[in-house]
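I opened this structure for the first time today and kept notes on what I looked up. The entries follow the order in which I went through them.

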Amino acid sequence: MSDFTDFKWSDANAVEAERIIGRYPKGRENSAIMPLLWLAQYQVAAQTGVAWLPLPVIEFVAAQIGMPKIRALEVATFYTMYNLKPVGRFHVQVCGTTPCMLRGSDDVLRACADKGLKKGEVTNDGLFTLTEVECLGACANAPMVQVNDDNYEDLTYETMTAILDDLIAGRTPKAGSQIGRTASCPEGGPTSLKEIA
Amino acid sequence: MPKVTVDGIEVEVPAGATVMQACEAAGKEIPRFCYHERLSIAGNCRMCLVQVSPGPPKPQASCALPASEGQTILTDSPMVKKAREGVMEFLLINHPLDCPICDQGGECDLQDQAMAYGRGGSRFDENKRAVTEKNMGPLIKTVMTRCIHCTRCVRFTEEVAGTNEIGALYRGENMQITSFLEQAVSSELSGNVIDLCPVGALTSKPTAFHYRPWELKRNDGIDVMDAVGASITVHSRTAEVIRVTPRLNDDVNEEWVADTGRFAVDGLKERRLDRPWVRVNGELKPASWGQAFEAVKKALAGVDAGEVAALAGDLAAVEDLVAAKDLLTGLGVTRLESRTDGAAYEGPAAHWRFNTGIAALETADLILLVGCDPKLDAPLVNSRILKAVRRKGAQVFRIGAGTEPAYPITDLGNDLALLAKLPADLAEKLAKAERPALLIGSRNASAEVLAAAHALAGQFVKDGWNGFNILHTAAARVGALTTGWVGEGLDALAHNPPKLLFLLGVDEVALAPFGGATKIYIGSHGDRGAAVADIILPGAAWAEKPGTWVNMEGRVQRSLRATFPPGEAREDWTIFRALADVLGIKLGYDNLDQLRARMAAEWPELGREGLTPAAWEAAKLKAGKPAGPSKPRATDFYSSNPILRASPTMRACVAEILEGRVPQLEAAE
């Protein structure tokens with residue numbers, strides 16, 4: 001498994017892959033490339049602890065839906081959600097787009113830097129990769145980061161440090177707003193339609 | 001039929017035409033990079049912006065906008081001028097200013113359009129981006145910093161070559177054009193991306209830094225490396241053919257040419273026969289023309305006319321074949337043969353031509369390949385099949401072995417017996433098909449295969465549609481068959497070997513059965529034929545003589561002389577003319593015009609360029625049932641004739657593309 005040339009779907013994922021391909025009309029199986037690559041990245045993560053897409057895995061997925069290898073590679077290189085290089089166990093994606101920046105993403109990045117995370121690099125313990133990304137669509141709760149599948153919102157230097165400490169210690173930090181908001185409800189409870197809420 | 005107004009000129013364009021086509025119909029030039037009329041529309045270079053009303057109040061990309069009734073289009077307004085200047089400035093932001101060392105210089109779309117539509121300066125003072133070179137194999141040189149991401153090359157390999165080898169990785173400013181893992185591009189049509197590239201990102205590797213386009217003399221020619229007969233322009237400088245580019249010919253090659261035709265021109269300089277040779281005591285010795293002709297005369301003196309035979313090679317021009325035939329007929333020789341691959345077709349022209357026509361093949365709805373491999377035998381025919389499959393949904397079936405083509409194919413098995421007894425599924429589809437085409441590989445056109453094919457012909461030949469085709473690989477073959485180079489067949493000739501054998505550039509035939517014969521080789525390259533010859537008369541290669549070639553459809557095409565033959569070599573027909581004097585035979589012509597008049601007198605279709613369709617004649621051939629596997633190609637794609645074998649570029653292709661050997665890097669000069 002070291003070079004991934006013998007990559008195969010796990011039993012559960014083989015079923016899931018067939019289900020995904022089945023969503024598209026016959027002859028349009030190529031449309032399944034994105035969910036399949038995503039599934040493959042999860043499987044690699046489950047098997048090796050690192051979520052990324054080695055080239056043989058991309059070739060495997062392309063072959064399954066009869067897509068030319070180069071077309072699959074085009075998709076995988078176009079979208080930043082596919083990691084073409086190994087990342088750390090936790091892929092810390094800090095949003096640096098304007099709303100988050102105005103609400104203090106620089107502090108979040110500073111918290112990361114103080115824990116030894118460098119942009120685009122895997123930390124020496126293999127735990128973290130830091131990436132500054134563009135808008136992840138949670139502007140109402142800015143600033144935010146996405147770590148693997150979870151969003152952490154309404155961050156400050158301190159809460160970000162706490163989250164990283166939790167991750168280092170093997171605990172699971174609470175996902176979502178760090179100041180107790182439900183989704184993007186107003187801070188401190190509803191301000192209108194109080195009787196309904 | 002929408003009517004639109006372009007700069008005050010009213011034009012009517014066909015429904016579905018784009019605004020760009022409407023502008024062209026009105027005689028307006030629209031600059032463009034990504035748009036190419038034979039590729040799908042990408043609309044990503046933005047150079048073709050025009051002002052269109054009604055519509056949004058901003059410039060529109062004319063290549064991707066359908067023309068509709070009542071549009072007013074401005075191609076010359078201040079808005080359009082400003083838009084073009086802006087787009088050009090953006091395109092040049094990351095384009096290096098290395099025109100003086102760029103091979104595209106002088107024929108560069110970006111250079112020309114920057115002159116015509118640019119603003120003459122840039123306001124960009126950041127660093128330009130640089131992109132690493134990508135390996136695309138021995139034919140395509142890349143300087144990817146020059147790339148403007150028009151994606152013509154990507155669309156070409158997907159849509160025309162069908163191999164999907166080039167892609168655009170990453171996105172935005174980081175976008176890079178590359179092949180998968182930087183493997184060599186293996187398509188037989190790969191060289192065309194060099195012509196398609198509007199800038200100097202993809203250029204020709206074999207001729208890198210060799211020439212400037214304005215130094216070259218251009219001559220119209222015909223590609224003879226396969227039997228498609230692609231129209232080409234031969235670019236030469238002094239006595240050397242530098243490069244070949246395709247010439248527009250919608251009936252044959254559209255605007256493509258196979259890599260063999262494009263890149264094998266360096267084979268014209270290697271291994272040439274530049275003087276006559278005569279074998280004395282088992283060893284070839286240089287001789288003068290006089291001595292060689294005397295040797296021929298001496299060899300002929302001792303034998304009966306019935307013991308003399310002649311074989312026509314794959315590259316001979318019709319002029320050479322007619323002059324040789326006239327000379328040999330004058331001697332009383334009748335054993336002439338051109339079907340050196342063992343084919344058995346004969347009789348009316350429709351029985352050995354590609355009757356459907358290369359262009360019409362793309363309208364076929366069912367294609368049955370028998371013992372042929374169009375991808376290698378005729379890449380441009382293969383690209384038409386790809387079109388038939390992609391656009392018309394044609395189904396392709398194959399009897400015999402072959403390479404993996406670029407389209408889905410139903411392999412029926414490698415047993416020619418299947419032709420006599422078609423599988424039920426195919427028979428059913430064939431009965432329903434409106435335009436079915438049968439392609440029989442010339443090398444597998446044995447008497448048995450042809451008999452079975454003719455038995456099926458009723459289903460392939462219909463009113464206004466002739467689907468019976470022989471897929472030839474030899475450029476000379478149809479011309480030779482037209483001029484009567486049909487004899488007893490190669491096998492019969494080998495069983496009753498002649499004592500004297502004329503070889504007109506014959507290098508693809510096992511000559512062992514003719515070991516006892518005195519062999520006179522007339523040809524251009526020191527290859528297999530010359531190695532065993534007793535007398536060698538050096539002839540001209542295709543670029544060195546004005547010649548007529550008849551392609552597999554029966555299309556008569558003329559090629560002009562680009563350079564002169566080396567040393568003492570002469571145009572082949574003049575060799576026979578001179579030999580006729582030595583042998584005391586009168587041919588009746590002293591120059592090319594007279595020879596061509598003589599050709600036209602006997603075979604009127606050879607009198608003018610173009611296609612004279614052959615009428616179909618149903619025939620019942622007497623032969624056994626075909627059986628056994630099909631005969632594979634004798635050589636790989638890059639080695640099928642002496643010019644290709646002599647070409648260093650083609651050798652590099654074999655090493656790198658077929659054998660996967662990494663080329664040795666040369667030290668920088």
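**Nonpolar cores**

I began with the largest nonpolar core, which has 115 residues, and those with the most contacts inside it are Ile177(B), Ile367(B), Val381(B), Ile385(B), Leu439(B) and Trp542(B). A nonpolar core here is a set of buried Ala, Val, Leu, Ile, Met, Phe, Trp, Tyr and Cys residues joined through side-chain atoms within 4.5 Å, and buried means under 20% relative accessible area, exposed over 50%, and partly exposed in between, with a 1.4 Å probe and protein chains only. I noted that helix α10 of chain B (residues 379-392) gives the most to this core, with 6 residues; helices (H or I, at least four residues) and strands (E, at least two) are DSSP runs numbered from the N terminus. I then listed what Ile385(B) touches, where contact means heavy atoms within 4.5 Å: leaving out residues up to four places away in sequence, the partners are Leu361(B), Ile367(B), Leu369(B), Pro374(B), Val396(B), Tyr407(B) and Leu439(B). A second, separate core of 78 residues includes Leu430(B), Phe502(B), Leu587(B) and Trp603(B).

I reminded myself that this is a predicted model, in which local features need pLDDT of at least 70 and side-chain atom pairs count only at pLDDT 80 or more, while totals for chains, interfaces and linings use all residues. Residues are numbered from 1 along each chain as its sequence is written, chains are lettered from A and ligands numbered from 1 in the order in which they are written, and side-chain values use heavy atoms, with hydrogens and water left out.

**Domains**

I looked up the domain bounds, which come from an automatic or database domain assignment. Chain A is given domain 1 (11-78) and domain 2 (90-177), and their centres, taken over C-alpha atoms, are separated by 28 Å. Chain B is given domain 1 (3-93), domain 2 (122-268), domain 3 (277-344 + 477-611) and domain 4 (355-471). The C-alpha centres of domains 3 and 4 of chain B lie 33 Å apart, and the contact takes 7 residues from domain 3 of chain B and 12 residues from domain 4 of chain B.

**An open sheet in chain B**

I traced an open sheet of 5 strands in chain B, with the order β2-β1-β5-β3-β4 and mixed pairing; two strands pair if DSSP finds at least two bridges between them. Strands β2 (9-12) and β4 (60-61) of chain B stand at the edges with a single partner strand each, so one side of each is left without a neighbour in the sheet. Strands β3 (residues 49-53) and β5 (residues 72-74) of chain B run antiparallel and are joined by 3 bridges, and within this pair Val52(B) has Ile73(B) as its bridge partner.

**Strand β28**

Is strand β28 of chain B (residues 555-559) mostly covered or uncovered? I found that 5 of its 5 residues are buried, which makes β28(B) mostly covered. Arg555(B), Gln557(B) and Ser559(B) lie on one side, Val556(B) and Arg558(B) on the other, and all are buried. Strand β27 of chain B (residues 547-550) pairs with β28(B) in the antiparallel sense over 4 bridges, with Gly547(B) opposite Ser559(B). In the hairpin of these two strands, which has 4 residues between them, Gly554(B) takes a positive phi near 100°.
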